[in-house]
Amino acid sequence: MAIFEKRLEQKVVLDDTEAITCSIETAQNIDGHTEYVLRVQRGPYPENSWRILRRYNDFASLNKCLQISGIDLPFPGKKFIGNMRPDFIAERLFALQEYINQVLMNPILASSLPTKKFIDPDSYSTPFHDLALQYASMCLRTDGVFTLGQSLGPIGWRLRKHYFKVVHKPLGNKHSPGHSTTKHHLIKSSSQSHGKQHTTQVCVTTSTEKDYNTKEIGRDDLILTWTEFGPDKYIDEKEIHNVLKNFGSVQHPYIAPIEYIASNDNGALAIRKFYKHGSLKDVLCAASPCNPFLSKYGSPKGRAPLPLKELALYARQILEAIRFLHSKGMACGHVHCGNVLIVDGVARLMDVENFIIGVPSFYRPFFVQHSKINNCESIDVYGFGHLLYEMCMGYPLQDSYARQITDCPDSLKSLLESILSKDACKSVLPTLDQLAAHPFFSEYAASFNDQYAMAVGAQKPYLKFSTNAKDQLKIAIQKTENRVRDEQKSVKNQKRLVRVQEMMTSEEEKKKIKHKAKQEHRQAKLRAQNSLQLSNGPPQTVTVSASSGSAGSVMVKSDSANSITSPQDAALMSPPAHATDSGGSASSPLPPPIPPPSSLPLFDQAMAAGLGRSNGRQLNKSISGDDNCSSNRSALLDSICNFNKSGLKKINNGDK
């Protein structure tokens with residue numbers, strides 16, 4: 001019945017490579033100390049964001065954990081006096097924002113566990129290392145061939161991938177499965193906080209097991225990697241065991257062999273031989289493979305590119321391994337220097353099972369920015385281009401494309417530009433077969449075909465999947481490519497929105513907005529002046545008597561001190577004329593007479609005298625075509641329309 005059915009909850013798997021941004025919105029005073037409100041966003045969508053509170057001491061703890069990388073970060077110093085002033089808090093907020101931006105822009109620092117815990121404590125507070133130890137022990141216990149040893153700590157960049165030493169169990173154990181002669185030892189495991197020892201873990205070891213308390217690892221020792229399933233795991237859980245089992249028997253001269261591979265419901269483990277020189281990235285950085293990831297690759301001092309002949313030979317060998325996988329219906333997706341071993345002058349590709357496990361690629365934040373890199377072959381070609389660039393320059397490319405490629409031969413430059421240039425990333429990348437036929441390899445690795453023929457004769461390539469496994473791999477490839485395309489569309493839409501916002505806030509738009517604001521302010525000021533003039537009543541007329549024999553000139557003075565008109569314009573400001581009788585006398589009352597200039601106040605006399613000396617300059621200004629012409633004319637018309645006749649006084653003409 002349905003009520004007895006077990007409800008299965010799907011586990012949400014985060015993509016640790018997804019870009020995360022952090023902005024400090026404000027600061028607040030809580031219980032006598034300052035807390036900063038951080039807004040964190042994962043991916044391009046603003047909906048996938050959250051807020052956290054952090055103090056200055058939290059930033060200081062993060063900076064202390066990241067100092068092992070040797071990267072110089074702009075962390076502000078501590079201040080004991082005056083640290084609660086608003087101006088200091090604003091300055092400190094700006095400095096902390098610059099610091100967290102530098103951390104998140106560095107791929108090595110951004111992928112470290114201290115950084116992840118700082119910006120997303122809810123998702124990264126899980127004890128990943130303890131769970132990996134538990135799951136790996138359970139897988140090995142059912143097999144009964146290998147014994148789990150000491151943890152090697154965070155020597156890799158993945159947070160959900162852990163490394164342990166393992167050894168073969170002694171042969172000749174004829175005891176029954178229920179009776180074991182093994183005994184338990186307390187073994188300290190390396191913490192995820194880089195180098196510190198934490199809670200001891202219980203591991204099952206035999207009495208004849210070699211001591212793993214020392215850090216020295218022999219050439220014949222084995223290393224176990226436990227990896228959790230990633231967001232790109234699209235193979236059914238019932239079939240993934242068979243797919244991994246089939247892949248465990250892979251044989252190729254340029255692929256690192258797998259000693260043992262197994263999985264459970266949470267992840268998979270793989271056991272390989274340990275090589276003291278480490279990966280190709282360790283060789284380029286002259287680093288010890290057992291050191292923490294941050295200290296090895298944060299700021300290495302021994303970077304050196306490979307010679308051209310070795311570079312061409314190693315690159316051609318890796319390219320042949322990738323072509324072999326694609327010929328068997330399987331993609332790689334994880335081509336970078338950390339997944340390449342150099343053994344006796346031969347490059348070998350490892351961790352190819354990452355595609356089956358579904359973990360995201362190291363260069364995923366880069367190729368999701370280019371919509372043309374949308375299938376598994378182009379992703380492998382793009383990763384191969386980054387690998388080739390790092391072998392050539394000695395340092396990795398920290399951007400999605402190379403802006404300028406120099407200090408290399410023309411043939412190598414053309415090969416790199418065909419993959420990593422901006423134009424190449426916007427168009428279709430070359431295929432694997434086209435890369436193999438490039439003139440660079442025929443020039444610097446001319447003997448590769450002979451060496452490959454000898455290697456194939458010694459070890460015939462072999463990789464065979466069952467029919468169900470092939471179908472599952474096809475489905476996984478299709479779903480992986482669909483997820484990449486969907487993420488590329490979202491990134492493209494987000495870039496378009498950012499571009500529109502930048503256009504809206506550009507300098508030209510700012511000038512237009514400022515000019516429009518000035519015009520609106522000017523119009524509002526004129527409207528305010530007009531309303532003030534109308535509220536003060538009609539204008540007053542001032543009649544100035546001239547000398548005998550000259551015509552009288554009439555000056556019209558309005559409420560505005562700068563608005564004076566000539567006699568020709570006086571008729572426009574006078575009230576409407578009424579019908580007159582035959583004698584020419586006005587039937588309507590006339591305004592009261594204005595006293596002569598001598599009887600005017602001193603201010604009005606000075607105004608009249610100034611008008612006479614200015615030769616009508618103020619009169620011309622009031623009717624000129626300046627900026628106030630239209631406003632004065634509108635004020636004049638409003639005064640005419642709103643003329644108050646009740647304010648006039650009747651005058652008895654005694655000479656009539």
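Residue numbers start from 1 along each chain as its sequence is written, and side-chain values rest on heavy atoms, with hydrogens and water left out. Because the model is predicted, local features need pLDDT of at least 70 and side-chain atom pairs count only at pLDDT 80 or more, while totals for chains, interfaces and linings use all residues.

The protein holds 23 helices and 15 strands; these are DSSP runs numbered from the N terminus, with helices being H or I of at least four residues and strands being E of at least two. Of its 656 residues, 43% are buried (under 20% relative accessible area, with exposed meaning over 50% and partly exposed in between; 1.4 Å probe, protein chains only). The accessible surface comes to about 37000 Å², and carbon and sulfur atoms own 53% of that (Shrake-Rupley method, 1.4 Å probe; for residues, only the protein chains shown count as cover). Among contacts (heavy atoms within 4.5 Å) between residues at least 6 apart in sequence, 66% link residues at least 24 apart.

A search of the whole structure turns up 7 cavities of 30 Å³ or more. A cavity here is a set of points on a 1 Å grid over the protein atoms alone where a 1.4 Å probe fits but cannot get out, and lining residues have an atom within 4 Å of a point. Grid points are joined across faces, edges and corners, and a volume is the space filled by probe spheres set on the points.

The largest cavity has a volume of about 550 Å³. Its lining runs to 33 residues, and Tyr163, Ser279, Gly338, Met350 and Asp351 sit nearest the centre. β10 (267-273) gives the largest share of this lining, 4 residues. By class, the lining splits into 16 nonpolar, 8 polar and 9 charged residues (Ala, Val, Leu, Ile, Met, Phe, Trp, Tyr, Cys and Pro are nonpolar, Asp, Glu, Lys and Arg charged, and the others, Gly among them, polar).

The second largest cavity holds about 150 Å³ of space. It is lined by 18 residues, with Asp232, Gly333, His334, Phe355 and Thr480 closest to its centre. Here α12 makes the largest contribution, 3 residues, and the classes come out as 9 nonpolar, 6 polar and 3 charged.

The buried residues of α13 are Ser411, Leu412, Leu415, Leu416, Ile419 and Leu420. They lie on the same side of α13, because they cover an arc of only 145° around the axis (taken from the directions from the helix axis to the C-beta atoms). Their cover includes α9 (308-327), α12, α14 (422-426), α15 (432-436) and α16 (439-444).

Leaving aside residues up to four places away in sequence, Cys408 touches Cys392 and Lys413. Cys408 and Cys392 are 16 residues apart in sequence and 7.6 Å apart in space, C-alpha to C-alpha. Asp407 is found in that loop too, but at 74% relative accessibility Asp407 counts as exposed. Asp407 also has a positive phi of about 60°, although it is not a glycine.

Note on methods
On a 1 Å grid over the protein atoms alone, a cavity is a set of points where a 1.4 Å probe fits but cannot get out, and a pocket is an open set with protein on both sides within 12 Å along at least five of seven lines; lining residues have an atom within 4 Å of a point.
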